[in-house]
Amino acid sequence: MRVLVVGAGATGGYFGARLAEAGRDVTFLVREARAARLAQGGLSVRSPLGSFRIGTPRTVTAGTIPGPFDLVLLSCKAYDLAGALDDVAPAVGPDTLVLPILNGMAHLDALDARFGPERVLGGSCAIAATLSPEGEIVQMSELHALTFGERDGTRSERIARVAGVMEGAGFTARLSDRILLEMWEKWVFLATLACGTCLMRATVGDIVAAPGGRDVMLGLLDECRGIAAGAGQAPRDKFLETSRGTLTAAGSGFTASMLRDIERGARIEADHIVGDLIARGGKVDPGGARPLLATAYTQLKAYEARRAREQG
Ligand SMILES: NC(=O)C1=CN([C@@H]2O[C@H](COP(=O)(O)OP(=O)(O)OC[C@H]3O[C@@H](n4cnc5c(N)ncnc54)[C@H](OP(=O)(O)O)[C@@H]3O)[C@@H](O)[C@H]2O)C=CC1
Ligand SMILES: CC(C)(CO)C(=O)C(=O)O
């Protein structure tokens with residue numbers, strides 16, 4: 001199966017490098033600056049599980065895509081989605097499968113509209129990773145899971161082929177029969193984590209050590225849970241129990257990647273991860289109050305406004 005990974009940043013670079021290391025047929029669609037860097041220094045992954053380097057990663061840039069691939073792994077940030085879909089379009093043929101691993105849900109609508117729902121799988125990844133200023137992928141914990149599936153839950157022959165590519169490639173690969181629910185659960189968890197840690201500019205451990213911090217985290221989780229339930233994707237009890245534990249763990253150094261982005265002055269996915277969730281809440285329960293999410297969203301948009309004013 002020929003795999004095209006769109007983006008060689010934190011997530012795409014990590015999972016793509018693991019696939020390449022395992023001998024899969026992997027090409028990265030990158031922009032010029034990243035292509036030059038990869039050609040010069042290869043693709044390095046610094047990992048607590050053992051660092052490694054792909055010496056000569058295969059890359060293409062927009063305009064040099066040779067034709068359709070079998071699988072497109074989409075790993076751009078949501079704010080780059082429109083451009084990425086334009087650039088990757090020549091790689092998507094009649095039999096191509098598109099597997100997005102972005103957080104949130106709205107990208108599915110964009111992908112369906114662009115390539116047809118029959119080509120779009122569900123997907124999600126769990127990892128804490130970042131792209132260093134030197135262009136290295138830095139994995140910050142041992143977590144590295146990629147979950148995927150047909151959105152209608154069927155165990156098709158084509159999803160079995162995708163599983164065959166992912167399994168045994170050095171990360172946790174899991175074929176899910178309930179990928180849409182899992183994406184929603186991940187969104188509920190991530191939105192809580194991102195809103196809490198960005199609002200407080202602190203780790204989970206710091207937040208719960210502060211007066212009222214635990215209530216903020218649990219309140220956010222409940223607001224997000226209510227929206228998912230209203231949308232027909234009620235998170236499961238086991239998921240909620242585990243999330244409550246993780247999101248209120250004393251001494252935890254856990255933060256969202258969105259906080260890491262804020263701390264380095266980078267762009268964030270405020271609308272995709274928080275704004276869209278609030279908007280969906282407004283549709284399913286127009287009178288519902290979501291004060292914590294609303295405050296967190298205002299704070300994220302204020303960060304964006306300040307960043308735009310200062311950085312242009
Ligand atoms: N980082 C993490 O720990 C986690 C992130 N996620 C989610 O995964 C998604 C991706 O995040 P992440 O990997 O961190 O983001 P990064 O910014 O690290 O990587 C995204 C990469 O996509 C590239 N890109 C964007 N547009 C194009 C294009 N048109 N052609 C080629 N490459 C393109 C960017 O390239 P360029 O360098 O040229 O800008 C960038 O390197 C997000 O939705 C995020 O929320 C999910 C779980 C964990
Ligand atoms: C919740 C987490 C850490 C899981 O991968 C994540 O998606 C993020 O920080 O963006």
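**View 1. Helix α10 gives the most to the lining of the largest cavity, with three residues.** This is a predicted model, in which local features need pLDDT of at least 70, side-chain atom pairs count only at pLDDT 80 or more, and totals for chains, interfaces and linings use all residues. Residues are numbered from 1 along each chain as its sequence is written, chains are lettered from A and ligands numbered from 1 in the order in which they are written, and side-chain values use heavy atoms, with hydrogens and water left out. The volume of the largest cavity is about 60 Å³. Its lining consists of K77, N103, L190, A194, A256, S257, M258, D261, I268, E269 and I273. Two elements, α6 (179–200) and α10 (257–263), each give two or more residues to this lining. Helices (H or I, at least four residues) and strands (E, at least two) are DSSP runs, numbered from the N terminus. A cavity is a set of points, on a 1 Å grid over the protein atoms alone, where a 1.4 Å probe fits but cannot get out; lining residues have an atom within 4 Å of a point. Grid points are joined across faces, edges and corners, and a volume is the space filled by probe spheres set on the points.

**View 2. The lining of the largest cavity, by residue class.** Six residues are nonpolar, two polar and three charged. Ala, Val, Leu, Ile, Met, Phe, Trp, Tyr, Cys and Pro count as nonpolar, Asp, Glu, Lys and Arg as charged, and the others, Gly among them, as polar.

**View 3. The second largest cavity holds about 40 Å³ of space.** I101, L102, N103, G104, G123, S124, C125, M183 and K186 line this cavity. Strand β8 (122–131) and α6 each give two or more residues. The most come from β8, with three. The lining has four nonpolar, four polar and one charged residues. The whole structure has two cavities of 30 Å³ or more.

**View 4. T147 sits in strand β9 (residues 137–149).** T147 is buried, at 9% relative accessible area. Buried means under 20% (1.4 Å probe, protein chains only). Beyond neighbours within four places in sequence, T147 is in contact with G122, G123, S124, R174, S176, I179 and E182. Contact means heavy atoms within 4.5 Å.

**View 5. Residues 179–304, listed by UniProt as "domain: Ketopantoate reductase C-terminal" in an unreviewed entry.** UniProt positions use the numbering given here, with shortened feature names, and annotations may be inferred rather than shown by experiment. Over residues 179–304 the chain is 74% helix and 0% strand. The end C-alpha atoms of this stretch lie 31 Å apart.

Methods: Buried means under 20% relative accessible area, exposed over 50%, partly exposed in between (1.4 Å probe, protein chains only). On a 1 Å grid over the protein atoms alone, a cavity is a set of points where a 1.4 Å probe fits but cannot get out, and a pocket is an open set with protein on both sides within 12 Å along at least five of seven lines; lining residues have an atom within 4 Å of a point.
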